[in-house]
Amino acid sequence: MFNAALKADEVARSGTEKKASVIVGDTSAEEVAPADEMPAELIEMAGYVAAQGEGIPSLKLDNIGITALVSGLKEAIVGEKKIWEIPPESVQDAIGRMQARAEAVKAESDQIPEISEDALRILGFVIAEKSGLLQLGFDSDDAVSIGKGFVAGASATDPDLFKKAKLLAFKEFMQKRITAAQVKAEAIAAERIAIGKVFFEKLAADTDVQKSESGLHYKILNPGADEKPTPEDTVLVHYRGNLIDGTQFGSSYDRGKPSKFPLSGAAAGFGEGLTKIGEGGKIILYIPSELGYGNSQLPSGLVKPGDTLIVECELIEINPD
């Protein structure tokens, strides 16, 4: 989860030694304003921290580019559209363009790759999710203030907002939100883990379902070839993932393109399950939360803390070129 208070410290110390001494220099207790006396400014600082923490100044965007980026960020916060409604390939393309531009700027290249306004808007959604702004309870009432702070942070090379008086108040303000978000996530996880336990109790009646020592449950539909992947291998897989209530949270079939990834980088239950079949094989994985995403919430918002996952997989190739 986004720990904005810690990110604030990182930003405050990221400049030159001279800048850092100004930002975090000694301040008496009397000079530290209570967080509740300047909430609007502190909400702005959340946007500022998100921009600085995600390295937006390194993109050297003009005002039009920053405006496009902020429009996506605000749209995500308001909730008009969710990131999972954007085609995954468009998200990956936007992230790739961002990385390419940052690298070119850092290398002082004569040719700086352009990023379209549409791609920048998508990046706004990505940053809203990745930074944790959505998980910390910011909503449509906060979107304008966050956007204003993000604009400042997107071009600032001297983090002047981080005077120590403001920084301490900001940390206090954000810690309250972080604590509230953690309590909420733990409550959601406990409820959904309990639902998962009932699900696995009922699943035990299916004699075709096997259970491994780790707690992974699985049903082999087609064993495929004799050779099976190891945890060190990379695989090409078609998959469809659902929650136990039938909600689909991901599908390579819908994208029309299988996914390629190293098993070592997959969720534990997903990686283990794919070692049960060979090329051409099909399997259904029933993954308890501790072998899936645990008490984390995926950026899409579809997988909640403590969720049990049901993933139907088709292993197409081991170590594809």
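**View A. Helices H4 and H6 lie oblique to each other.** Their axes cross at roughly 45° and come within 7 Å; angles under 35 degrees count as roughly parallel, over 145 as roughly antiparallel, 65 to 115 as roughly perpendicular and the rest as oblique. Axes are lines fitted to C-alpha atoms, for helices over the stretch in contact, and angles run from 0 to 180 degrees between N-to-C directions. The crossing of H4 and H6 is right-handed, a term for a near helix turned clockwise from the far one by less than a right angle, with anticlockwise giving left-handed. On the H4 side, the contact (heavy atoms within 4.5 Å) involves Ile64, Gly65, Ala68, Leu69, Ser71, Gly72, Leu73, Glu75 and Ala76. H6 contributes Glu117, Leu120, Arg121, Leu123, Gly124, Phe125, Ile127 and Ala128. The model is predicted: local features need pLDDT of at least 70 and side-chain atom pairs count only at pLDDT 80 or more, whereas totals for chains, interfaces and linings use all residues. Residues are numbered from 1 along each chain as its sequence is written, and side-chain values use heavy atoms, with hydrogens and water left out.

**View B. The protein chain contains 10 helices and 7 strands.** These elements are DSSP runs numbered from the N terminus (helices: H or I, at least four residues; strands: E, at least two). Of the 321 residues of the chain, 45% count as buried; buried means under 20% relative accessible area, exposed over 50%, and partly exposed in between (1.4 Å probe, protein chains only). Among contacts between residues at least 6 apart in sequence, 78% join residues at least 24 apart.

**View C. Helix H6 is largely enclosed by the rest of the structure, because 11 of its 15 residues are buried.** H6 covers residues 117-131 and should span 21 Å at 1.5 Å a residue, in agreement with the 21 Å that separates its end C-alpha atoms; the expected span is 1.5 Å times one less than the number of residues. The buried residues of H6 include Leu120, Leu123, Phe125, Ile127 and Glu129. Helices H3, H4 (63-78), H5 (88-106) and H7 pack against the buried residues of H6. Just after H6, Gly132 adopts a positive phi of about 95°.

**View D. Ala51 lies in helix H3.** Its relative accessible area is 0%, and Ala51 is therefore buried. Leaving aside residues up to four places away in sequence, Ala51 touches Ile56, Pro57, Phe150, Gly153 and Ala154. Ala51 and Ala128 are separated by 77 residues in sequence and by 10.0 Å in space, C-alpha to C-alpha.

**View E. Lys148 and Glu44 are joined by a salt bridge between their side chains (3.6 Å, N to O).** A salt bridge is a side-chain nitrogen of Lys or Arg within 4 Å of a carboxyl oxygen of Asp or Glu. Lys148 belongs to helix H7 (residues 140-155) and Glu44 to helix H3 (residues 39-53), so the pair ties together parts that are 104 residues apart in sequence. Lys148 is exposed at a relative accessible area of 54%. Ser145, also placed in H7, is buried at 18%. Beyond residues up to four places away in sequence, Ser145 touches Ala40, Ile43 and Glu44.

**View F. Arg192 and Asp307 form a salt bridge through their side chains (2.5 Å, N to O).** Arg192 is in helix H8 (residues 164-203) and Asp307 in the loop between strand S6 (282-287) and strand S7 (309-318), so this pair links parts that are 115 residues apart in sequence. Arg192 is partly exposed at 25% relative accessibility, whereas Asp307 is buried at 8%. A further salt bridge connects the side chains of Glu272 and Lys276 (3.9 Å, N to O), with Lys276 partly exposed at 22%. The structure holds 8 salt bridges.

**View G. Lys60 has a positive phi of about 55° although it is not a glycine.** Lys60 is situated in the loop between H3 and H4 and is exposed, with a relative accessible area of 53%. Asn319, a residue other than glycine, also has a positive phi, near 50°. Asn319 is found in the segment after S7 and is partly exposed at 39% relative accessibility.
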